[in-house]
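Thanks for coming. I will go through one structure today, starting at the surface and ending in the core.

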Amino acid sequence: MANHLLTKVYNAFRLAHYRALFGRIKEKPGSLSATESFSVDVIYLLKEPTIKQFSEYLGISQPNATYKINSLIAKGYVEKIPSADDKREFRLRVSDRFHTYFANSVDFLDRIDIRLQETLTPEEYQKVADILAEFADDIPMESNQQKE
């Protein structure tokens, strides 16, 4: 039964994300394709990865990753920042344009959080927050185990 509940919640979040994603994709110069939107979101979520980290995480070749990244740089969604440790290496950072582009997703999650706070007691809200934080910590490990 719990599996169905998590599936329902996960699918609802996915549908909301895809609706927002495709709502942002406009057919005009400088707009992002679905693949580019996913790519820039991954860069954001990985918190300033290197090109190698980005390509390894997605399981794509480094030349393919570089091609995607160069397109995102040309459109103004990503910046290459020289690494403080190794000047030959670059970190990928999303630009202000990304934050403007993806603001609706944050608004959606803020509305859900407010609804939870209005619906639950402070103790219940804290319990839900603790459970979700624990799940969030476990999800990367679970996805790594699926790869193996």
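Predicted model: local features only at pLDDT ≥ 70, side-chain atom pairs only at ≥ 80, totals over all residues.

Helix H7, residues 122-147, supplies the largest share, four residues.

Phe 135 sits in helix H7.

Now the inside. In soluble globular proteins, nonpolar side chains tend to be buried together. Here the largest nonpolar core has 16 residues. Val 40, Ile 43, Phe 54, Ile 69, Tyr 77, Val 78 and Leu 92 are the ones with the most contacts inside it. Two or more residues each come from helices H2 (34-46), H3 (51-58), H4 (62-74) and H5 (96-101), and from strand E2 (90-94).

Take Phe 54. What is Phe 54 in contact with, leaving aside neighbours within four places in sequence? The list is Ser 39, Val 42, Ile 43, Leu 46, Pro 49, Ile 60, Ala 65, Ile 69 and Leu 92.

Ser 95 is in the loop between E2 and H5. Ser 95 has a relative accessible area of 6%, under the 20% cut-off, so it is buried. Beyond its neighbours within four places in sequence, Ser 95 contacts Gly 76, Tyr 77, Val 78 and Glu 79.

Last, Pro 63, which is part of helix H4. Its relative accessibility is 62%, over the 50% cut-off, so Pro 63 counts as exposed. From Pro 63 to Ile 51, twelve residues apart in sequence, the C-alpha to C-alpha distance is 9.5 Å.

Methods
Residues numbered from 1 in each chain as written. Heavy atoms only, no water. Core = buried A, V, L, I, M, F, W, Y, C linked by side-chain atoms within 4.5 Å. Buried < 20%, exposed > 50% of the residue type's maximum accessible area, 1.4 Å probe, protein only. Contact = heavy atoms within 4.5 Å.
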